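Hi,

Here is the structure I promised to pass on.

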Amino acid sequence: MSADKDEDPRVSGIKSKIRVVPDFPKPGIMFQDITTLLLDSKAFKDAVDLFVERYKDRNISVVAGIEARGFIFGSPIALAIGAKFVPLRKPGKLPGEVISEDYVLEYGKDCLQMHVGAVQPEERALVVDDLIATGGTLCAAMTLLERVGAKVVECACVIELPDLKGRERLKGKPLYVLVESH
Amino acid sequence: MFAAENGLKGDPRLQAISRAIRVVPDFPKPGIMFQDITTLLLDHKAFKDTVDIFVDRYRDMDVSVVAGVEARGFMFGPAIALAIGAKFVPLRKPRKLPGEVISESYVLEYGTDCLEMHVGAVEPGERVIVIDDLVATGGTLSAAIKLLERVGAEVVECACVIGLPEVKDRCGIKGKPLYILVEPRLLDECC
């Protein structure tokens, strides 16, 4: 599902504010930079509003944001829909007892952590990040939530790179994005 | 300057915010009583109250930029920016920001660290609030202030949820006022 395809009039403004930075973090990668979106308070608000409108009546009690750009979108969404905000972080950052989930990168692996006790069984959760590429990070995030018995209702991202087919790696869970970038 | 001494004396929201913060002993190393705000984020009312207190303070101060220090500043800053109609500018560890950046190094207990900001994110003359979850020595906030001043912006205030005792008697950070909601919790206060 994507707001891009729904042709909400706010989407073109959001899309126009995303900056592409070539060859970052390495040659050949066209990096989708959302920091320029954050500089336009109307476009940033529209992006958050699109998510809030979608989720506010869906009984979601947890918004899990993936470090660090997922914090920027996830925290205002959580506040607006009355949910907890749960940061999913790189290893060694969360101070309390954590559970960890490893995931595969193009070269090597990485790991995402969540605090034990942050999410209760049966809670309905939304996972938020700025962008979905291969889906590896989102999949690890979903797994963390499912391991504690929560139900992931949907994954939500500002940008999707559909050519990388990340949507197919979400264990059958739906994905909602605001814009697609080919 | 603490909120309780500045118009919010006896405000019940401050007590609830303080109680929602968890102390984790010996993190990241022995002897440190880490003030964990993630438990505050789990308490929707207390989290919202935290943001509302900052929003109420800054909405009529002509602030056009909220600069948040990575990464816990990203949990409070964006909602404040959105509510007051300001830009949100992330101040990040090295090599995270993709475009052209300016960098400012600062001293840690052992070694140095560095904060970066995108060139062009903040214009000369803009009025800025810097936000982070906690201020200890003020080293990180000083670096943040320097980055913003280097591009000609005016730092109006630094805002933190928690302020360690060492900043209590100082006149702000680099002469800039500091606004803090609560003092650190002690371990034996936690349930």
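A definition to begin with: the radius of gyration is taken over C-alpha atoms, and the globule rule is 2.2 Å times the number of residues to the power 0.38. For chain B, with 191 residues, that rule puts a compact globule near 16 Å, and the chain has 16 Å, which agrees.

Some housekeeping before the rest. This is a predicted model, where local features need pLDDT of at least 70 and side-chain atom pairs count only at pLDDT 80 or more, while totals for chains, interfaces and linings use all residues. Residues are numbered from 1 along each chain as its sequence is written, chains are lettered from A and ligands numbered from 1 in the order in which they are written, and side-chain values use heavy atoms, with hydrogens and water left out.

Chain B overall

Along its principal axes, the C-alpha atoms of chain B fill a box of roughly 45 × 40 × 30 Å. The chain has 6 helices and 9 strands (DSSP runs numbered from the N terminus: helices are H or I with at least four residues, strands are E with at least two). Of its 191 residues, 55% are buried (buried is under 20% relative accessible area, exposed is over 50%, partly exposed is in between, with a 1.4 Å probe and protein chains only). Taking contacts in chain B with a separation of 6 or more, 60% are between residues 24 or more positions apart (contact means heavy atoms within 4.5 Å).

As for the surface, chain B exposes about 8100 Å², and carbon and sulfur atoms supply 52% of that (areas by the Shrake-Rupley method with a 1.4 Å probe; for residues, only the protein chains shown count as cover). The charges come to 23 positive and 28 negative side chains, with the centres of the two sets 1 Å apart. Lys and Arg count as positive and Asp and Glu as negative, leaving out His and the chain ends; each charge is placed at NZ of Lys, CZ of Arg, CG of Asp or CD of Glu.

B:Glu100 is in the loop between strand E4 (87-91) and strand E5 (101-107) of chain B, and is exposed, with a relative accessible area of 61%. Beyond four places in sequence, B:Glu100 touches B:Met117, B:His118 and B:Val119.

The peptide bond from A:Glu67 to A:Ala68 is cis, with omega near -10°; A:Ala68 is in the loop between strand E3 (62-66) and helix H5 (69-81) of chain A. In chain B, a cis bond joins B:Glu70 and B:Ala71, with omega about -10°.

A:Glu122 is not a glycine but has a positive phi of about 75°, and is exposed at 68% relative accessibility.

Cheers
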